[in-house]
Amino acid sequence: MPDIMQTSIKSLPLVYRGKVRECYAVGEDKLLMIATDRISAFDVILSVPIPKKGKVLTALTNFWFEKLAEGMPTQLTGIDPETVVAEDEREQVRGRAMVVKRLKPILIECVARGYIIGGGWKDYLATGKVCGVELPAGLKQAQKLPEPIFTPAAKAELGTHDENIPYERVVEMYGEKIASTIRNATLELYKRAAEYALTRGIIIADTKFEFGLDDDGNVLLMDEVLT
């Protein structure tokens, strides 16, 4: 199968094309989520695909879902993606797709930072804070923080940058219960992932998680995980 810049599933209704992933409706309560080989750099979709990128992203996500899902409900259904498309479309989903529950996305990039680097470093130099979180004075670039911090961002339109926001803004948008749930889950998932990655010689300086709500208002882990 050649690299996939865009899927062409005809047996299911198209719901959404994102920077990398595309979603099709599976009935009224599930989605087929496919990772293409497109690459988005600084919110710009490049014209040249990365061979097998979608398969690598999906394998990483599945690994971390399995590793971290204990005690955290997720969007996974366990349905084989190849069973929900036409026979001649199976190659488009093989190894690069998941059938997931259809959730209402929480429009917050849930970022956890364990080290002061990147955009967080710039904010710290300017204000001594990151997303309103006060940090100790005198930190050096890429230094490990005393404790990981939650630095959310509000999702922006395609092609524009997400906006860093303080935790209080998340509370205003979704209420204290949901805000505290996604903050606590983000930090717990980050800690567990970072501890495991260190045993493999990898430092996860920062990462993001995404969450959604089911019909009963429960918070579920969704989308990509630690990719």
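## Aromatic pairs

The count of aromatic pairs comes to 5, where rings of Phe, Tyr and Trp (its six-membered ring) pair if their centres lie within 6.5 Å, with planes under 30 degrees apart called stacked, over 60 edge-to-face and the rest tilted. Helices (H or I, at least four residues) and strands (E, at least two) are DSSP runs, numbered from the N terminus.

W64 counts as buried, at 9% relative accessibility; buried means under 20% relative accessible area, exposed over 50%, and partly exposed in between (1.4 Å probe, protein chains only). Ring pairs join F63, W64 and Y196 into a cluster.

## Basis of the model

The model is predicted: local features need pLDDT of at least 70 and side-chain atom pairs count only at pLDDT 80 or more, while totals for chains, interfaces and linings use all residues. Residues are numbered from 1 along each chain as its sequence is written, and side-chain values use heavy atoms, with hydrogens and water left out.

Strand β2 (residues 21-26) is mostly covered, with 6 of its 6 residues buried. In a regular strand the side chains alternate between the two faces of the sheet. In β2, R21, C23 and A25 point one way, E22, Y24 and V26 point the other way, and all are buried.

Two strands pair if DSSP finds at least two bridges between them. Strand β1 (residues 14-17) pairs with β2 in the antiparallel sense over 3 bridges, and L14 has Y24 as its bridge partner in β2. These strands form a hairpin with 3 residues between them. On to strand β3 (residues 30-35), β2 pairs in the antiparallel sense over 6 bridges, with R21 opposite A35. The hairpin of β2 and β3 has 3 residues between the strands, and G27 takes a positive phi near 70° there.

## Cysteines and backbone angles

A search of the whole structure finds 0 disulfides, a disulfide being a pair of cysteine sulfur atoms within 2.5 Å. C110 is in no disulfide, and the nearest cysteine sulfur, that of C131, is 11 Å away. That separation is too far for a bond. C110 is buried at a relative accessible area of 1%, and C131 is buried at 13%.

C131 lies in the loop between β9 (129-130) and β10 (133-134) and has a positive phi of about 50° although it is not a glycine. K52, also not a glycine, has a positive phi of about 65°. K52 lies in the loop between β5 (44-45) and α1 and is exposed, with a relative accessible area of 54%.

## The second largest pocket

The second largest pocket has a volume of about 230 Å³. On a 1 Å grid over the protein atoms alone, a pocket is an open set of points where a 1.4 Å probe fits, with protein on both sides within 12 Å along at least five of seven lines; lining residues have an atom within 4 Å of a point. Grid points are joined across faces, edges and corners, and the volume is the space filled by probe spheres set on the points.

The lining comprises 15 residues, of which K144, P148, Y190, K191 and A194 lie nearest the pocket centre. β8 (108-115), β11 (144-150) and α4 (167-198) each supply at least two lining residues. The lining divides into 10 nonpolar, 1 polar and 4 charged residues, with Ala, Val, Leu, Ile, Met, Phe, Trp, Tyr, Cys and Pro taken as nonpolar, Asp, Glu, Lys and Arg as charged, and the others, Gly among them, as polar.
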